[in-house]
Every structure is written in structure tokens, then in C-alpha cells.
Amino acid sequence: MTADKSGDHASKRSARRGALSCAECRRLKLRCDRQFPCQSCRKRGCAAICPDGALTTGKGNRFILANTEELHNKISELQDRIISLEEALSSLQATVSNEPHPLLREDLLRIKASITATTAAPEASTSTGESKAGVSVKLPKLVAKPPTGNDSAEEEGPEVLSAFGTLKIDDQGKSRYFGSLAGAQLLLGSDESDDEAPCDPRAPPPALRPMENLLPNEVAKLAHTYPFAMNPCDYEGTRRQLEGLLPPAAKAWSITQKYYEYSTWQFNCVPRQWFTDRVLVPLYEPQRNADQAPEHQLALVYMVFALGTLIDLDLPPFHPDAEHYHQLARAALALDSQGTSIMAVQALILMAYFNQLTDKKNGPGLSWMVMGIAVKMGTGIGLHRDPKRWKMDPEQTDLRRMVFWELACFDAWQAQGFGRPPMITFEHVDTALPIDWEERVNAAGQVESSFYRLKYTYTELLLSTLNTAFGAQRPTYETILRLDRRIRDFHVPDHMRVPGLQEMDHVVPNDTEPPTLHLTMQRHLLFFVKEITLLYLHRSFFARALTEQPGDPFKSRYAASVLACYRSSSGVLAGIRNAYQLHPGLVPRFYMFWTHAFSSAIVLAAIVTRSPGCNLAYRALGELDAAYTMFKAASELQGSRATKALCFTKYASEPTITTPSIARAAWSSPLMYTRSQARRRKRIRRCWGTRLALSPHGRPR
């Protein structure tokens, strides 16, 4: 009996001793924390064998452990290389066959899956398939699979973006949707005012009401009912009335000059020489027949006049004449609402552009709907198929290509701003790029593309990013980082860079003469659109990092997104400030600058208020103050969208978000914790400046 008891005690003692530390710590006589995989094994790179496995002693093992990081880096490089080759093979296969390539089978795609040790919480590890040894296998979603009932656990994992957007439904059933990448100004509803009484949708816009008596009744009716207008009873009479409302030739030429001087640096679907020779001059020829002025030609002319008047820096902002010409263009389109032509598509693109720049409360919404009509009409006349197959003359071929790519560019950029799916998908497109008449050869003999060619090329990348990162199938964080790299690798030639704002600050464009307004704005726009795409690409993960690690978001697994959002937000605001200083009368009139600037300010405000102990908080506060100053200056110059953004950034100058208040929040931050209050006071002064008023106990007053 005694022997049996002693044997039992010996076995229990040995079992307990075996469970105290892992085998590798026992072999090396190290202290084990008994949290498997233990800290010692994780530091040495052998967490996969903890707690039962052990390495054989010898010089070779020490060499392997010393180079574990190098091996992992090499594996990551090879995985990226494999992914690039698979994407290239998939694109090539799509051009010759609808069947997938044999080398792109699902079992072969899994070969490059990364095997990494995980230290995640138990609830997080269930979604990655954690094994008993603590090793997780993460398979990239390269092949789309239909949703099943068992996918919920996987979709709610920590590596997956979860954002559905915002859907607004009022008491009357009217609804609006903004996706997860929509601008903050739209998500916060700054374009709506609860204090205003609901307006009658059939009433003319406010800018037109003082002039509505200047429009004939039939013309005004057509303008208000487009695109659902019926043909007027007196068709010829209405048409003659529209022609009779054309401005004198001298004024028409002046407005056209303003349009091409201030408006076409961003979107230009109407070539200047073509418009002058084929559209404008024939309308003012003294000996022309009535049949020589089609309705769509009148609509295009009136839209050029509307934009030329709206952007004219010699006129007050939102001059009533601009809305007057806009209504005439709507009436001209309504005269032949069933007809389709390339001039009608051009007029609709300009109409969407116009509604985006006006001060109307529903301007962005109208721009989206008009753009939908333009896309449908454009595909209806075959702009998405290259015209060379129909053997058109070179001038018509290049015109159709230019109009299509301007249409696709406007659609993609607008989809990004609203967070909605683009209406053009390149799976159905084979239209070639138009001739780059403005390309140049640098000192090294290399051909550098012009702004418009770069804009069209970036549009293809942007559409691919929108479809991958913001589609119904949620992307993993690895996919987001891969898209981030593709965007950053988009090459911008030296002559299109903004001095001091690009990633290569030492690159200065070799300008032999001062840059024109067009070149200056185009340089800023190329810099701007890349930073905006990166900001919206990382914004959801940035928010998750602040939520998970408010004390120090750089400890989150989404630390890369925190830094990317801060850099992009700062870059966007710096770019707009620079452009505003160069052209203070022009920049405030463009909607896209201010809505995206407001989104950037919201990101900086989130860093300041949600993570005051973060190393970026003080610099973010300075950027936020500069943004408020810029919004205030722009709103005083003219009542643009900057005025609406000013209402939301006004708190930057109020006592609620000042440097002392940030320091008070930082007082309780874990990063500021020290046992000595004197040391804490020194740390706060070092982080937030010497101008703080501190109490004798070191607390900010």
C-alpha cells in the first residue's frame, strides 16, 4: 500500500513538473512564463514547437534561429512575386479564353499561403483555423465563392473589413445611400438642413427664381420637367425661342474663353478647336438654315456658357446667369429627349460637372443622377467599344475615345466621392486611349505622358481598387496593403509633380517659364487624387485601430493604416493650402477639394480626440488648426462648400479642443503614466509644449 502511494506521488510530481515549463526552456534552462507558446520561444522564433517540442543542440540550429527574420522576409517577397505572376497569367488567360488557366486551380493557389505563428485571442483564432500547436494558416481569397451559412464566423474575423455604408430613410420613405468610402461631409449630412422647410421639387431652383420671368413659358416647362419631358405642342416655335435666347457673338466668345481658361484643367470632354469650328461658329453664321442647329448642339453650347459663367473669376460666385444657361440647356435636351448623340453625352457630362460646382443643396445628388443618364447614353451609342472597327475618320475616332475616357474618369471619381459602385466596368470596354497631343520628351530622351493620359491611366487603377476593396465581398487586410502598394507605385513624371509635396521632395520640375494655371492645378490634382484614394482605402482600419488601442494605436495590427491615414490627410490639406495660396479665387469654387479636405480634417480630429496620447496627436492638432484657418479664409472669400465644412471644424478654435484640453486628456493616458508626478509633468511639457499652465501637482489647468 505504501509503495503504491509513493509511486502515485512520484508520478503526480513528475507530471506536475513536466507541465511547469516547456521542453525548450527546460533544455536551455530558461525561465518559462508557462503561457504557451511562451515568451522565450516566441522571441527565439520557435513558437510552433512550444510546449512539447525541442530543438537539437548544435551550431546549425543557432544559425537558423539567427536568420529566421531574414527567411520570413524572403518568403514574403516570394509570395508577393507569385501573386504578381498569377495576376499577370490570369489577365493574359482572359484575353484568349473564358476558362481559367490550369495553373490557377484553387489547390495550386493555396501553395503560397503563409504559415505564421499567432498569438491572437482564442475567439480571434477560431476564424483562422488555429491548430493545437498554435500555428494558423491564412489562405488569401483569390477565388470568389458563393456565401454559405458557415461564412459568418470567417467574415467577422479580425482581418476582414466590415463596412456596409450608410442608408438614410426619412418618414416619407425617401432614401439615400452612401458607401463606406464616402466623404465625411456627405455622411454627416452637411448638405441637408433640418431648419429649412421642404421645398417643392417642381419649383425652380433659388438661383433661377429672380430670372424665371425671362424664360418663355414653354421653355421653362421643358427645363423643369427634363428628363421626363414630353415634346411641346409648338416644337418649331420652342426651338426658335431657344435659338433666340443665345447671347450676342462677342459675349458668347468671351464666355467660351473663360470656360477653357478656368474649367477644362480638370475635365475636358469638348476639344477647343472642334467646339469652335463645328459647334459655336455655325450657330452664329449669318446665313445658316434653321435645320443647321440641332437641339443637342444648342444644349452643348448652353452648358459651355453655364460653366464659363459659373467659374468666371470676374463675376461674383454662383452668378444667376450660370443657372439661366443651365436651364436653357435642359430645355434643349428635352426638345429631343429620345435622341442620342455624342453632343448629348458631352452636354450631360458638363451638366453633371455644373451641378457638382453649384451651391444648390441637392447639387451632388443631381450630378450623380445626370451622370447615370450620360453613362447609359454613352454606352447606348457604343462609346465603350473602340471606333476603329467601324473605320471612322481619325478626327471622329479620337473624339469618341476622348469623350468615353472623360466619361469613365468622371464616373470613377464620383463613385469614390459617394462611396457607390461605378457605372462603367472595364470587362465590357475595349476603347483605346485618345492620342496624347501634349506628351513631352525629357532630358533623358524618355517620353512623359501629359495630365490627361495620366488621368485616364489612373482611372483604370482606381476602378480596379473600387471593385476590389469596396465591393460586396469584403477584402482582407493583406488585400488592402497590396492595393496600397499598387497606388503608391503609380508613376507620376517629374514635370507633373508638385515641388515639396511629392514623395520625392528633391524632385523639382524643370520649368523654363512659370507654370500656367492649368499645369499648376493639374499637378495638385494628380497629387490630390492619389492621397484621397489611400485615405479612403485605410479609413475603416484606421477607425478600428483607434477603437482597439486608443492609448497607442500603433500597437494595433492596423498600425500601417493609422500612419497612412495621417500622412494622406496631412498631404491632402497641405496640397489644398498650397493650391489655395497660388489661386485663391479659383480653388474655393471646386467642390471636390473641400469635401475631401473635410474628410481629412475629420481623420485628424479623430486622432486628437480619441487618442490624445498618440505621438501624432500634437502634430494632428496643428494640422487641424491650419485646416480651420483655411476653411475660414475660403468661406469669407465666397460662400462655397468651405462654408459648410467650416461649421464642423469650428471646434478647432474653441476651448473644447485646445492644447491644454488635449494635455488634460493625455494626463490619464497610459503612455503618460509614471510613478513620479514631476516626471509626468516633464513628459507632458515635452509632448505638448511649454505654454501649458500646470498645477503644482503637474495636472494641466
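Analyst: Here's a walk through the charged pairs, then the rings, with a bit of context on the chain. Bear in mind that this is a predicted model, where local features need pLDDT of at least 70 and side-chain atom pairs count only at pLDDT 80 or more, while totals for chains, interfaces and linings use all residues. Residues are numbered from 1 along each chain as its sequence is written, and side-chain values use heavy atoms, with hydrogens and water left out.

Some context to start. The chain has 27 helices and 6 strands, taken as DSSP runs numbered from the N terminus (helices are H or I with at least four residues, strands are E with at least two). Of its 701 residues, 48% are buried; buried is under 20% relative accessible area, exposed is over 50%, and partly exposed is in between, with a 1.4 Å probe and protein chains only. Take the contacts between residues at least 6 apart in sequence: 68% of them join residues at least 24 apart, a contact being heavy atoms within 4.5 Å.

Now the charges. Side chains of opposite charge can pair when their charged atoms come close. The cut-off for a salt bridge here is a side-chain nitrogen of Lys or Arg within 4 Å of a carboxyl oxygen of Asp or Glu, and that rule gives 17 of them. One is R278 with E395, at 2.8 Å between the closest N and O atoms. R278 sits in helix α13 (residues 272-283) and E395 in helix α18 (residues 394-418), so this bridge ties together parts 117 residues apart in sequence. R278 is partly exposed at 47% relative accessible area, and E395 is partly exposed too, at 40%.

Another salt bridge joins D489 and R485, at 3.4 Å from N to O, and R485 is partly exposed at 45%. There's a network as well: salt bridges link E24, R27 and R44.

On to the rings. A pair of aromatic rings is described by the distance of the centres and the angle of the planes. Rings of Phe, Tyr and Trp (its six-membered ring) pair if their centres lie within 6.5 Å; planes under 30 degrees apart are stacked, over 60 edge-to-face, and the rest tilted. The whole structure has 23 such pairs. Among them, Y302 and Y325 have centres 6.3 Å apart and planes at 20°, so they count as stacked. Y302 is in helix α14 (residues 295-310) and Y325 in helix α15 (residues 320-335), so the pair ties together parts 23 residues apart in sequence. Both tyrosines are buried.

F541 and Y558 are tilted instead, at 5.1 Å centre to centre with 50° between the planes. F541 belongs to helix α21 (residues 517-548) and Y558 to the loop between α21 and α22 (559-582), so parts 17 residues apart in sequence are tied together. F541 is buried at 0% relative accessible area, and Y558 is buried at 0% as well.

Rings also gather in one aromatic cluster made of W265, F528, F590 and F593. Finally, charge meets ring where the charged end of R420 sits over W368, 5.0 Å from the ring centre; the test is NZ of Lys or CZ of Arg within 6 Å of the ring centre and within 35 degrees of the ring normal.
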